[in-house]
Amino acid sequence: MAEPAHSSLFEQAITVTPIGPNTYSACLDPSWCIGKVPHGGYTMGIFYRTAAVHFARKQSKAEPIGLQLSFLRRTLAGPAILTVQEVKIGTRISTIHVSLSQPRDNPRLSATTPQAPQDRKDNEPALEVKVVGYITVSPPEYAVGPAVTGHCAAALSPPVVDFRTLGEKGGDGAWVRNQSPPPGLFAAGHAELFFPVSTLAAAKTLEDQVKGVVEQWARFTPGGQPARWSNEAVLYLADMFPPALNRIGAMELQRLKQIGALSAPAEAGPFWYPSVTLNVDLKTRLPEEGVEWLHSQVVTRMLRGSRADLEVVILNEQGELVATSTQVALVVDAARNLKGREASEKL
């Protein structure tokens, strides 16, 4: 069997196995974590694959076109159970509800606590629902034909770059490769991200950092090896934008400064940015062989009460709209990522 465009490494990381008519097992890979918590976009890729496998078992060619996830609790690397509820099955559009369950963070909690299932066997760990979501699917033939773009299409056109120079030299003068992620941010190491030089400039005030739109070109590199973006991998990209997170971190610092909670930025951080909700609309299906380069534009409109919005538009090299994403994320102390878990790596 030929290796998938997104690599065998990523394929293994998102594999789901049927264990019942509507239940599937998966294993969340620690190499796709931020600290001790699996990356939100990577987790959405597992939800995508669950839906695809579920409908394939029904002899249907329907594939996800929209996903809406709510992250209820921190997930953890290791086994997970995904349960599918068929909400509406139609010829063109079908919708399923999917929940991802794992053992509790604190195994010392009694199995009689409210969220523990009562029908489990005595030797099985108590499970709790960590992530829930609705997934809308549709057969690919309904997406055949021309696309009519709206009035904002010209404004979304990606900047022209020399991809060969970017790939071989790490920059072309105006664009430069991002630095390697800090230790512990494992999921961030599976993509090469390139930004305008001005985006990575170090000497900026808090006021400067919160302005503007973050733009990036990205190549998929699971395990440091070149691969190509697939439909599942796009979901990872929809949640991978380091400078945009730095920007909402700066917004949080500005908020804390305004309320008198700190006198200097060094008094706060580092931060963790856990997803609360993540919604992705897949606009253009990528070919089976994948694509090498994708462009993202990321906007944050407001942070209030340590809660920020993130709006992402993903385009291919030709400027076609591949996906749009909206997300709600929190800005919290990085120690909360590791709380209650053995910390072999520090953020």
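At 17% relative accessibility, threonine 95 counts as buried, where buried means under 20% relative accessible area, exposed over 50% and partly exposed in between, with a 1.4 Å probe and protein chains only. The model is predicted: local features need pLDDT of at least 70, side-chain atom pairs count only at pLDDT 80 or more, and totals for chains, interfaces and linings use all residues. Residues are numbered from 1 along each chain as its sequence is written, and side-chain values use heavy atoms, with hydrogens and water left out.

Threonine 95 sits in strand S7 (residues 94-103); strands (E, at least two residues) and helices (H or I, at least four) are DSSP runs numbered from the N terminus. Not counting residues up to four places away in sequence, threonine 95 touches Glu86, Val87, Lys88, Tyr134, Ile135 and Thr136, contact being heavy atoms within 4.5 Å.

Tryptophan 293 belongs to the loop between S13 and strand S14 (294-299). Beyond its neighbours within four places in sequence, tryptophan 293 has contacts that include Phe163, Leu166, Trp217, Trp229 and Glu317. Leucine 193 is 100 residues away from tryptophan 293 in sequence, with 10.0 Å between their C-alpha atoms.

| Residue | Relative accessible area |
|---|---|
| Threonine 95 | 17% |
| Tryptophan 293 | 2% |

The second largest pocket holds about 980 Å³ of space. On a 1 Å grid over the protein atoms alone, a pocket is an open set of points where a 1.4 Å probe fits, with protein on both sides within 12 Å along at least five of seven lines, and lining residues have an atom within 4 Å of a point. Its volume is the space filled by probe spheres set on the points, which are joined across faces, edges and corners.

The lining of this pocket has 31 residues, with Ala147, Leu282, Lys283, Thr284 and Leu321 nearest the centre. Strand S5 (63-71) and strand S13 (275-282) are the elements that give two or more residues to it, and S5 gives the most, with three. Because domain 1 (8-104 + 126-139) and domain 2 (163-338) both give residues to the lining, the second largest pocket lies between them; the domain bounds come from an automatic or database domain assignment.

The chain averages a pLDDT of 88, and 88% of the residues score at least 70; pLDDT is the predictor's confidence in each residue, from 0 to 100. Over residues 107-119 the pLDDT is below 50. Where pLDDT is low, the predicted coordinates should not be read in detail.
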